[in-house]
Amino acid sequence: MSGQIGGRHVTNLTELEIAAIGCGVNVADGHARQELTSSQRKIVNRLPGLFAEAATASAAGLDWRAQQAYLSAVGQHTAMAGSEVLTCYSSSVAMEILGRSAYAAGIRRVAIIHPTFDNIPDIMRGVGMTLQPVSEEELADGTAALPAGTELLLVTTPNNPTGAVLAADALAHWARACAASGVILVLDTSFRGFDERAQYDHYAVLAEQGCRYVVIEDTGKLWPTLDLKAGFLVFRRGDELPVRRVYTDLLLGVSPMILLLIHEFADDAAAGGFGELRQFIAANRGLLRGELAACAPISFPDAGSRISVDRIRVPAGTTGTGLWQALRDDGVHVLPCRQFHWADPDAGDRFVRVALCRPPEEIGAAAAAIRAQAGSGLPPTRRPGASVSA
Ligand code: EGV
């Protein structure tokens, strides 16, 4: 459950997520655990045929088609033209490869969006980088000053857990600033499938500003494929970072079975699946927020978020860690948010995070438990029109 790193006591968010798997109501991790849609089910029903096809088709062709299908489904139409793409088993593997490549190129000083999922700063620290936080708000409005000596700027967009999206003009601003100062701009776009505001062509903006860039794309959060997924490590064609060399130290490639499955799911997403997914997540968000709307001490700080997780601000005088523990004792597993605020954990202790990528019944059960905890002492709340009898 916890470890010692550099003399500091550390329990990372993933350890908390693992502890919640298979337990009671699990709304901890952000992996998709909702039911397959009917068209996704049809793909899964064809698995034996897809397996046979994957066994005989050209691996390079399957790889290219999976990349193309995914990137075009999320609006990244110029990605393949100006970039090289390496398919990884997950976005965290891609992040590790990026970190090692940058370290090998002599890069040490990394500025990272704050807050964000803790494994991003942990991976960068793990390869030997020195980290500086940059606030999400100041990245969004362009007012951030990059810490002196920054060599690489890493932005998660949409951000996890807040859902904040870097708009096109803000991306252009940072790409221009990075180009002017020789900083490599790295984007983690794992949640972009949930939010059309994150689907303008980022590669066109990056190319126009002429900065060095690496983008980590990810299918892992979108579809309930039992963690059959890929992370795509995308970088400016010809960039001198030794990304391909580090990649091949670790991987020959990703299973052609997974590549074919991603191709099928991406085509399905482009043909209406993404619309269905956004509606599903919006309905679960509405359910959670609706169930807690009259629970006065609770609030939802990320009003505009469309990603598959939602934060809850805990009442004054309480902590996210406290609510997380109390809920865990009730068999309901959320995430406390200290570690998202990796440079200021106390600021994160104002929040817990609830995964929305679950069957609605689980969201309802989690909401009821949260209401019971946070609203204890308050009159029970009811949805408009719901029966008042016990
Ligand atoms: C989320 C799990 C890793 C990560 C979950 C996540 N942790 N890869 N070490 O995929 O938001 O729950 O990002």
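Trainee: Is Cys357 buried or exposed?
Mentor: Cys357 counts as buried in this predicted model, because its relative accessibility is 1%.

Trainee: Which cysteine sulfur is closest to the sulfur of Cys357?
Mentor: The closest one belongs to Cys337. The two sulfur atoms are 14 Å apart, which is too far for a bond.

Trainee: And what about Cys178, how far is its sulfur from the closest cysteine sulfur?
Mentor: That distance is 5.9 Å, to the sulfur of Cys211, and it is again too far for a bond. A disulfide requires the two sulfur atoms to lie within 2.5 Å. Cys178 is also buried, because its relative accessibility is 1%.

Trainee: How many disulfides does the structure hold, then?
Mentor: It holds zero disulfides.

Trainee: Let us turn to the sheets. In what order do the seven strands of the open sheet lie?
Mentor: The order is β4-β10-β9-β8-β7-β5-β6, and the pairing is mixed. The edge strands are β4, residues 83-88, and β6, residues 130-135, each of which pairs on one side only. On average, neighbouring strands of this sheet are turned by 20° against each other, with direction ignored.

Trainee: How many bridges are there between β4 and β10?
Mentor: There are six bridges, and the two strands pair in the antiparallel sense. Strand β10 covers residues 231-236.

Trainee: Which helix touches β4 and β10?
Mentor: Helix α11, residues 243-250, packs on the sheet and touches both strands. The direction of α11 makes about 15° with that of β4.

Trainee: Which strands does helix α9 lie across?
Mentor: Helix α9, residues 168-181, lies across β7 and β8. It runs at about 145° to β8.

Trainee: How many residues of β7 are buried?
Mentor: Five of the five residues of β7 are buried, so the strand is largely enclosed by the rest of the structure. Leu152, Leu154 and Thr156 point one way from the strand, while Leu153 and Val155 point the other way.

Trainee: What joins β7 to β8?
Mentor: Five bridges join these strands, which run parallel. Within β8, Asp188 stands opposite Thr156. Strand β5, residues 109-114, also pairs with β7 in the parallel sense, over three bridges. There, Val110 stands opposite Leu152 of β7.

Trainee: And the sheet of three strands, what is its order?
Mentor: That open sheet has the order β11-β14-β13, with antiparallel pairing. Its edge strands are β11, residues 309-313, and β13, residues 335-336, and each pairs on one side only. Strand β14, residues 351-355, is joined to β11 by five bridges. Val309 has Ala355 in β14 as its bridge partner.

Trainee: New topic: which residues are around the ligand?
Mentor: They are Thr14, Glu17, Asp29, Gly30, His31, Ser92, Phe117, Asn119, Asn160, Lys221 and Arg353.

Trainee: How far is an oxygen atom of the ligand from an N or O atom in the side chain of His31?
Mentor: The distance is 2.9 Å. For an N or O atom in the side chain of Asn160, the distance to a ligand oxygen atom is 2.8 Å. For Lys221, the corresponding side-chain distance to a ligand oxygen atom is 3.4 Å.

Trainee: Where does Asp302 lie?
Mentor: Asp302 is found in the loop between α12, residues 256-291, and β11. It is buried, with a relative accessible area of 8%. Its side chain makes a polar contact of 2.8 Å with the side chain of Arg311. Leaving aside neighbours within four places in sequence, Asp302 is in contact with residues including Pro161, Thr162 and Arg289.

Trainee: What about Asp195, buried or exposed?
Mentor: Asp195 counts as buried, because its relative accessibility is 0%. It lies in the loop between β8 and α10. Not counting residues up to four places away in sequence, Asp195 touches Pro158, Gly163, Val165, Arg278 and Arg306.

Trainee: Last one: where is Thr318?
Mentor: Thr318 is found in the loop between β11 and α13. It counts as partly exposed, because its relative accessibility is 34%. A polar atom of the Thr318 side chain lies 2.7 Å from the backbone oxygen of Pro315.

Technical notes: Residues numbered from 1 in each chain as written. Predicted model: local features only at pLDDT ≥ 70, side-chain atom pairs only at ≥ 80, totals over all residues. Heavy atoms only, no water. Buried < 20%, exposed > 50% of the residue type's maximum accessible area, 1.4 Å probe, protein only. Pairing = 2+ DSSP bridges. Helix = DSSP H or I, 4+ residues; strand = E, 2+ residues; numbered from the N terminus. Axes fitted to C-alpha atoms, helices over the stretch in contact; angles between N-to-C directions. Contact = heavy atoms within 4.5 Å. Near = heavy atom within 4 Å. Polar contact = N/O pair within 3.5 Å; in protein donor to acceptor, adjacent residues only side chain to side chain.
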